[in-house]
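Let's take a friendly walk through a protein model together. Have the sequence and the 3D view ready, and follow along one stop at a time.

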Amino acid sequence: MSTLHSKKAASALKNVDKITRHDQTFWLMRGKRDLMEHKLPEWESLREHASEIKRHTATHLTQYLEQFSKKLESNGVIVHWAEDAREFNQIVLEILQKHEVKKLVKSKSMLTEECAMNPYLIGQGIDVVEGDLGERIVQLKKQRPSHIVMPALHLTREEVGDLFEEKGISHAKGNNDPSYLTHCARLSLHHEFMEAEAGLTGCNFGVADTGDIVVCTNEGNADMATSIPKLHIVAMGIEKLLPNYESLAVFHRLLARCGTGQPATAFTSHFRQARPGGEMHVVLVDN
């Protein structure tokens, strides 16, 4: 594996322009993160507090999982437990088959990526569409994400423009303007959101005290995936659990600052129950 990686790295390094752009982008993101750190005098104490919360939650996990699941069920949410990726994928498939779902639209979820859910469902005849722009780009290119927050970071706008032309998403030949490409992607994804019979989101945080599923995005794709289809499935690793809103506030202050160098994501959505006339499932995975 290491030899294969070395060969691929050596090949990639030959493209000096692309590697330079790649490095500059990463340094830009690191600089934004450091700027956020310097703006908060309590930065280190905030990080230490978050660490203490995690240690506490991990050592009382059974208690909080029981509280969380009971709260979800009291709100009408159907809770499932998955021991591993295989069981998780099977549970999601069974839910979709029960509702005769042919198209599933997704918000960004690293858990589903780790579980290889997309190819599993596609192999069972379900059309799976990524709703996050970066994830959609790498999906169309039949690639895997190159970064946990910025999945298409390795691609240039020219490559994205060529891809969109090839897939019929953009129609102005050679137009690689980011605003134009984003507009084209929005129109294309809007069509997918409208057609999907089910939406799946990841979960940044689960709040044991209230049963909240908290999803943080910059594009609003989680809201689109849950406000149009009536079936909402949540993929959640049990390590995402927090005790209460006070704990959530600590992590919310750190999440975007560390991830993208923002004070907060553009959208922070809380889900406690299904929309009227709908159904909500939470699949808790022992990650």
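## A buried lysine

Lys103 has a relative accessibility of 11%, so this residue counts as buried. Keep in mind as you look that this is a predicted model. You will find Lys103 in strand E2, which covers residues 103–106.

Which residues does Lys103 touch, once its neighbours within four places in sequence are left aside? The contacts are Asp127, Val129, Glu192, Glu195, Ala196, Glu197 and Ala198. With Glu195, the side chain of Lys103 makes a polar contact of 2.7 Å.

## Charged partners

Here is a general idea to carry with you. Side chains of opposite charge can pair when their charged atoms come close. In this model, the count of salt bridges comes to 18.

One of them joins the side chains of Asp127 and Lys103, with 3.7 Å from N to O. This pair links distant parts of the chain: Asp127 sits in strand E3 (residues 127–130) and Lys103 in strand E2, 24 residues apart. Is Asp127 buried, partly exposed or exposed? Its relative accessibility is 36%, so Asp127 counts as partly exposed, whereas Lys103 is buried.

## Ties between helices and loops

Another salt bridge brings together the side chains of Arg144 and Glu113, at 3.1 Å from N to O. Arg144 lies in the loop between helix H8 (133–140) and helix H9 (157–166), while Glu113 belongs to helix H6 (residues 110–114), so the pair ties together parts that are 31 residues apart in sequence. Arg144 counts as exposed because its relative accessibility is 59%.

Glu192 and Arg136 form a salt bridge too, and their closest N and O atoms are 3.9 Å apart. Glu192 is in helix H10 (residues 178–195) and Arg136 is in helix H8, so this pair connects parts 56 residues apart in sequence. Both Glu192 and Arg136 are buried. Through shared partners, salt bridges join Lys103, Asp127, Arg136, Glu192 and Glu195 into one network.

## A strand covered on both faces

Now turn to strand E4, residues 198–201.

Which strands pair with E4? Strand E2 runs parallel to E4 and is joined to it by three bridges, with Leu104 standing opposite Ala198. Strand E7 (residues 231–237) also pairs with E4 in the parallel sense, over four bridges. There, Gly199 stands opposite His232.

## Stops in the loops

The loop between H8 and H9 holds Ala152. With a relative accessible area of 16%, Ala152 is buried, because the cut-off for that word is under 20%. Leaving out residues up to four places away in sequence, Ala152 touches Gly134, Ile137, Val138 and Ser146. Ser188 is 36 residues from Ala152 along the chain, and the C-alpha atoms of these two are separated by 18 Å.

Lys142 is also in the loop between H8 and H9. Although Lys142 is not a glycine, it has a positive phi of about 55°. Its relative accessible area is 74%, so Lys142 is exposed. Ala116, in the loop between H6 and helix H7 (117–123), is not a glycine either, and its phi is positive at about 55°. At 38% relative accessibility, Ala116 counts as partly exposed.

## The whole chain

Finally, zoom out. How many helices and strands are there in the protein chain? There are 12 helices and 10 strands. The C-alpha trace spans about 55 × 50 × 40 Å along its principal axes. A compact globule of 287 residues would have a radius of gyration near 19 Å, and the 20 Å of this chain agrees with that.

Of the 287 residues, 45% are buried. Among the contacts with a separation of 6 or more, 73% are between residues 24 or more positions apart. The chain exposes about 15000 Å², with carbon and sulfur atoms supplying 54% of this area.

Terms used. Residues are numbered from 1 along each chain as its sequence is written. This is a predicted model: local features need pLDDT of at least 70, side-chain atom pairs count only at pLDDT 80 or more; totals for chains, interfaces and linings use all residues. Side-chain values use heavy atoms; hydrogens and water are left out. Buried means under 20% relative accessible area, exposed over 50%, partly exposed in between (1.4 Å probe, protein chains only). Helices (H or I, at least four residues) and strands (E, at least two) are DSSP runs, numbered from the N terminus. Two strands pair if DSSP finds at least two bridges between them. A salt bridge is a side-chain nitrogen of Lys or Arg within 4 Å of a carboxyl oxygen of Asp or Glu. A polar contact is a pair of N or O atoms within 3.5 Å; within protein, one must be able to donate a hydrogen and the other to accept it, and residues adjacent in sequence count only if both atoms are side-chain atoms. Contact means heavy atoms within 4.5 Å. The radius of gyration is taken over C-alpha atoms; the globule rule is 2.2 Å times the number of residues to the power 0.38. Accessible areas come from the Shrake-Rupley method with a 1.4 Å probe; for residues, only the protein chains shown count as cover.
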